[in-house]
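Welcome, and please take a moment to look over the sequence and the model. We will walk through a few places in turn.

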Amino acid sequence: MTTVEFLSNPTPDESVYMWRATGVDQLTRENKLSSLPFWAPNNITKKHQFRLTMLKGLTPNKDAENDSYAILLDLIPPPPSPDHQGGDTLYPGGCSVKLTVINSVDPAKSVVEESAEFLSASRLQISFPDIISKHTAKNPAFATDNLSTLTVQVHIHTGVNVAAAQVSKTVSSLWGTLTSTVSQLIEKTSEAYQETRRELEQELAKKQAPAVPSSGPLPWDVVPPKWAEKAEQWRTLVSSNIVEDDGTFLYGPERGWTPDENSMMLSVGLNPHSLSDLFDKFDYDRDIHEGLVENKVLAHQRYLIVPSKISDQKFWENYFWKVACLGECTSEPQVKTLLTVLNGPPHQKPRELQAGKVSEESILSLAQDAQEAADLLLEYLNEQFKHEDTFLVEAAVSTCEEHVRMLEPIFCRKDVSESTQLLVGAVLRRLRERLQKYNEFQRSNPSLVSSPNREASVEPVVESHDHTPAVAKKKEEAETPVAAVASVESTPAPQAPVSTPPKETPKASSVTTDGDRSTSKAAIEFPKMPWEEDDI
């Protein structure tokens, strides 16, 4: 599989990606080329997930050498959200797609085709059955790297009126008939291919693979001894609370910790070195089985994160490590400190971020980290923290101030897109709102802060510079909400805090597991994800 490169978002409902399909010269009627999944409108503001597939001979010629090449755009249906009640709200509806096979010598001669469909639970694909002819695939102007690579630009526009889009096409009735015929052919071919592959896999599994249990102990059912009287709280913490946080899966011991984070853990009685050693207790062959994905929240997180951000192996390694670390906690402050440090993104040194050189993708990632820091600070303030939690709050304040310092020069750049600039402005505004709330809390509760005279630095977001685009100024002044980072959501007003802490837990004891970490990787037959199909 090959990756798809994000290019731009012309509007909030439009996405432009570039796919370098490598291996075209190896395509036959029996195999395919697939891209890794990608998100629309982008990998941060995730709404719908797609994948591109290239096939040879979808509409076969008498001579296989003369077969044309098809490109299919598949919508990957998400697993039901834990709070989802059904319906088509997860699907994009009307969707218009334009594919451009790039001519690297003369772009004006690139091959362009457009199509529109209403994508729903019963319709998950838009097909271009003959977009690449034999002559195009053999033309060095299109096929580079010794005729092995074709470059395809895909422009996806969701929320369109499909009927209006189809009226603009000449031969719409003929195209509808062809699309229907091709869809039926795809289904039949796919069925036969999948059936043959399943039979081969079953036969090979009997001869080569060791038996793998389909079920086993679940981490939330293995209650540490000192949690025996609080088993239900342990189950909630391990099966729900930490699962809802992306950081549980994204960050492992390799993230390291800063001297300040090291001091934070030592101050509550946690030994960072001992926590790192717990990573080796995980055994993939022993601990991973199908029963894990019966947890709907856990399965949904796996769908969102694997493989777009990390591998399946790393996903489970990090989760089981966090569970083992929580087993070492014996108090609520330890649990809070542990999750604050281990689930937070790695600290980025200021010198590594030079505002004028940060790419838009890095800016979006930085904005997501900043929003998470702002949400964490708000969570602490809404919990009405105790005196012993002061160091956690002040650490969150320092993190928010650092993000403000890094985002301010980025907001003033002229070479970023309007949507990115609006996003950065919205995140800056949220950071400053949280810091202002901290200052108000500090003034009204001087006994709960260790530095009564310390106030967070709060400056209004710069919107009056001449080099800031006028449209960005207008939208910032109007405080237009931005649908942005996955965790960038509308937050409650400061005067109506939410007082339910998601990570509250009782005293706990250490969790011990037997056996060394195994390096063998037996095939685990999880329910197949769309990207786990065989490729050439």
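Let us begin with His 155, which touches Pro 10, Glu 14, Ser 15, Val 16, Ser 96, Val 97 and Lys 98, leaving aside residues up to four places away in sequence; contact here means heavy atoms within 4.5 Å. This is a predicted model, in which local features need pLDDT of at least 70 and side-chain atom pairs count only at pLDDT 80 or more, while totals for chains, interfaces and linings use all residues. Residues are numbered from 1 along each chain as its sequence is written, and side-chain values use heavy atoms, with hydrogens and water left out.

You will find His 155 in strand E10 (residues 149–158); helices (H or I, at least four residues) and strands (E, at least two) are DSSP runs, numbered from the N terminus. His 155 is buried, with a relative accessible area of 19%, where buried means under 20%, exposed over 50% and partly exposed in between, using a 1.4 Å probe and protein chains only. Its side chain also makes a polar contact with the side chain of Glu 14, at 2.7 Å. Such a contact is a pair of N or O atoms within 3.5 Å; within protein, one must be able to donate a hydrogen and the other to accept it, and residues adjacent in sequence count only if both atoms are side-chain atoms.

Next, move along to Gly 247 in helix H6 (residues 247–250). Gly 247 is buried too, at a relative accessible area of 4%. Leaving out residues up to four places away in sequence, Gly 247 touches Lys 322, Leu 342 and Asn 343. Of these, Leu 342 is 95 residues from Gly 247 in sequence, yet the two are 7.7 Å apart in space, C-alpha to C-alpha.

Now for a pair of helices. How do H13 and H15 lie relative to each other? The axes of H13 (residues 360–382) and H15 (residues 418–444) come within 9 Å and cross at roughly 20 degrees. Axes are lines fitted to C-alpha atoms, for helices over the stretch in contact, and angles run from 0 to 180 degrees between N-to-C directions. H13 and H15 are therefore roughly parallel to each other, since angles under 35 degrees count as roughly parallel, over 145 as roughly antiparallel, 65 to 115 as roughly perpendicular and the rest as oblique.

Finally, compare helix H10 (residues 296–305) with helix H11 (residues 312–326), whose axes come within 10 Å and cross at roughly 135 degrees. H10 and H11 are therefore oblique to each other.
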